[in-house]
Amino acid sequence: MAETSARLLKLLSLLQTHREWSGAELAERLGVTMRTVRRDVERLRALGYPVHAVPGAPGYRLGAGSDLPPLLLDDDEAVAVAVGLRTAAGGTVSGIEETSVRALAKLERVLPSRLRHRVHALQSMTVPMTGAAAPVASEVLTAIAAACRDHEVLRFDYRTHEGRESSRSAEPHRLVHSGRRWYLVGWDVGKEDWRTYRVDRLRLRTPNGPRFVPRDPPDEDLASYLSRAISSAPYRHRARFTMHAPAEVVTGHMPPTMGTVEPVDADTCTLLCGANDLDEIVVWVALMDIGFEVHEPPELVERIAVLADRLRAASDATAR
């Protein structure tokens, strides 16, 4: 019986790793006959695992069932799930905290000691930054995701950065998570253009609007598109620099929500950023301790010259 149970676990593990297996491949991996494979498949089905026969071939695949059967996870997968549940318990999605804690408790009860130590070490040595952004209700995210999937127009009330309220209709394309906030990228029906919306600032209205034919996205790289949209576009001043350092070095100084970095060559890159005050841009870029050139806006070049003269005069006065 122990040998049979071990073989069933190995068979289940194999079925979870590939979409389809032929009966001959499974028999070879398990070191048994095709007849034994068929019997073991029937045992798994009796336990609730939806193992389907592959049409037109003597093979099998693990499908989705009406209930969630137990899963086999390797060490790294188990740690990843545990860390993900801990993050979800205090993350930017509200409404899943208690569920995440319950699922984590179940997982930790069956984790081997060596894995519990890895998970606890990571958790105890990590300090989360909470309160940096308003959480979003899980049902709002799932409703938006479903509208993206089903190509249904979303209707919602939206509050801008300045606090203005308006009613919007948008053809939703994708949800993007910046690490601190959730954003919706969609085609604004009224403005006839692509827009990004902070999900914590919108209030969905029901029912959804009519179905639509999906448009080509504004950029194949939605992460870069969002970075440009929220790091420079909303601000009064938009700046463009050439930074005399590799792109990966400059990127290490900022999150994508603060600026967009585009490589030029191995030693330089372009930095796009924005702010409502020119001095903010000057100080922020200067503190990187990286050489740079300013291309726009012209008034930023003038402001740098004024601040440079002021700092030079202060330095000379201190030296005397």
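1. Helices (H or I, at least four residues) and strands (E, at least two) are DSSP runs, numbered from the N terminus.

2. This is a predicted model, in which local features need pLDDT of at least 70 and side-chain atom pairs count only at pLDDT 80 or more, while totals for chains, interfaces and linings use all residues. Residues are numbered from 1 along each chain as its sequence is written, and side-chain values use heavy atoms, with hydrogens and water left out.

3. The structure holds five aromatic pairs (Phe, Tyr or Trp ring centres within 6.5 Å, the six-membered ring for Trp; planes under 30 degrees apart are stacked, over 60 edge-to-face, the rest tilted). Tryptophan 187 and tryptophan 194 have ring centres 5.9 Å apart and planes at 85°, so this pair is edge-to-face. Both tryptophan 187 and tryptophan 194 are buried.

4. The rings of phenylalanine 241 and phenylalanine 292 have centres 5.6 Å apart and planes at 85°, so they also pair edge-to-face. This pair links distant parts of the chain, 51 residues apart: phenylalanine 241 is in strand β11 (residues 237–243) and phenylalanine 292 in strand β14 (residues 292–296).

5. Ring pairs also join Phe156, Tyr158 and Tyr197 into a cluster.

Technical notes
Buried means under 20% relative accessible area, exposed over 50%, partly exposed in between (1.4 Å probe, protein chains only).
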